[in-house]
Amino acid sequence: KKPWSRFENLYNPWTLLPELQGDRYLVNADRAKIKGVELGVQWRPNARLKISGSYAYSDARELISGQWRARPWDQKHTIRMSADWRSESWIVGVSILNRSGWRTTPFISNPNQLSGHVNTAQLPSYVSIDMRVSKTIQSLRGEWLFYADVSNLAGRENVGGYDYISSTERKQQNLLPTVPTLGVSFSW
């Protein structure tokens with residue numbers, strides 16, 4: 001079955017209005033395939049603590065004009081580790097994610113070079129440490145959940161793409177910085 005056609009940006013897919021960027025192009029693949037494997041382990045040293053980890057390998061490719069190439073979200077290696085501590089009403093968790101950088105395209109000055117250079121480069125590895133603390137309170141009418149999350153706790157500058165100023169000068173565009181979130185929900 002032929003994959004759906006889609007539009008992408010060559011250098012930075014995370015812009016606010018990607019349709020307005022000059023690096024927008026149509027992807028019309030004839031075929032696509034992905035293969036991979038994931039291994040996971042989990043350990044519970046006691047009733048309150050759970051520690052888990054996983055490793056995944058994947059290879060995502062698409063056939064365009066008779067040539068197989070990496071898909072833009074191809075990430076060869078992914079390692080996740082997490083730990084959760086639970087009591088009757090509290091949950092404290094931390095997780096670490098380290099994955100290969102997504103595919104990107106080096107600077108192209110001539111559109112005729114597009115087919116041979118798309119997704120032939122790779123962004124730096126993505127690393128994020130995330131944390132969550134939540135408290136559940138039972139009431140007569142239901143259950144309240146109060147939580148605080150912090151994404152990218154270490155404030156790492158994870159690269160999401162590049163904006164090219166010239167063929168030799170580029171500006172790194174980073175994904176989300178440290179993002180704290182406070183929330184409350186009620187269920188009955």
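Predicted model: local features only at pLDDT ≥ 70, side-chain atom pairs only at ≥ 80, totals over all residues.
1. The largest cavity is lined by R99, G101, W102, L123, P124, Y126, V159 and L175, and its volume is about 30 Å³. By class, six of these lining residues are nonpolar, one is polar and one is charged. The structure holds one cavity of 30 Å³ or more. On a 1 Å grid over the protein atoms alone, a cavity is a set of points where a 1.4 Å probe fits but cannot get out, whereas a pocket is an open set with protein on both sides within 12 Å along at least five of seven lines; lining residues have an atom within 4 Å of a point. Grid points are joined across faces, edges and corners, and a volume is the space filled by probe spheres set on the points. Ala, Val, Leu, Ile, Met, Phe, Trp, Tyr, Cys and Pro count as nonpolar, Asp, Glu, Lys and Arg as charged, and the others, Gly among them, as polar.

2. Residues are numbered from 1 along each chain as its sequence is written, and side-chain values use heavy atoms, with hydrogens and water left out.

3. The largest pocket has a volume of about 250 Å³. Of the 17 residues in its lining, P13, W14, P72, W73 and W102 are the closest to the centre. Strands β1 (6-9) and β8 (103-104) are the elements that give two or more residues to this lining; helices (H or I, at least four residues) and strands (E, at least two) are DSSP runs, numbered from the N terminus. The lining of the largest pocket comprises 10 nonpolar, five polar and two charged residues.

4. For the second largest pocket the volume is about 180 Å³. Its lining consists of L10, Y11, G22, D23, R24, Y25, F107, I108, S109, N110, P111 and L114, of which seven are nonpolar, three polar and two charged.

5. The structure holds seven aromatic pairs. Rings of Phe, Tyr and Trp (its six-membered ring) pair if their centres lie within 6.5 Å; planes under 30 degrees apart count as stacked, over 60 as edge-to-face and the rest as tilted. One of the pairs, F107 with Y164, is tilted, at 5.2 Å centre to centre and 45 degrees between the planes. F107 lies in the loop between β8 and α1 (114-117) and Y164 in strand β12 (residues 159-164), so this pair ties together parts that are 57 residues apart in sequence. F107 is partly exposed at 31% relative accessible area, and Y164 is partly exposed at 23%; buried means under 20% relative accessible area, exposed over 50%, and partly exposed in between (1.4 Å probe, protein chains only).

6. The rings of W144 and F186 have centres 4.7 Å apart and planes at 50 degrees, so this pair is also tilted. W144 belongs to strand β11 (residues 143-151) and F186 to strand β14 (residues 179-187), so the pair ties together parts that are 42 residues apart in sequence. W144 is partly exposed at 35% relative accessible area, as is F186 at 31%. Ring pairs link W144, F146, F186 and W188 into a cluster.

7. S58 is in strand β4 (residues 49-64) and is buried, with a relative accessible area of 18%. Its side chain reaches the backbone oxygen of Q75 at 2.9 Å. Not counting residues up to four places away in sequence, S58 touches K35, G36, D74, Q75 and K76, contact meaning heavy atoms within 4.5 Å. L63 is also placed in strand β4 and counts as buried at 15% relative accessibility. Leaving aside neighbours within four places in sequence, L63 is in contact with A29, D30, R31 and W68. L63 and K1 are 62 residues apart in sequence and 12 Å apart in space, C-alpha to C-alpha.

8. Backbone torsions may be checked at two sites. Most residues other than glycine have a negative phi. S65, which is not a glycine, has a positive phi of about 50 degrees; S65 lies in the loop between β4 and β5 (67-70) and is exposed, with a relative accessible area of 69%. N152 likewise has a positive phi, near 55 degrees. N152 lies in the loop between β11 and β12 and is buried, with a relative accessible area of 4%.

Technical notes: Polar contact = N/O pair within 3.5 Å; in protein donor to acceptor, adjacent residues only side chain to side chain.
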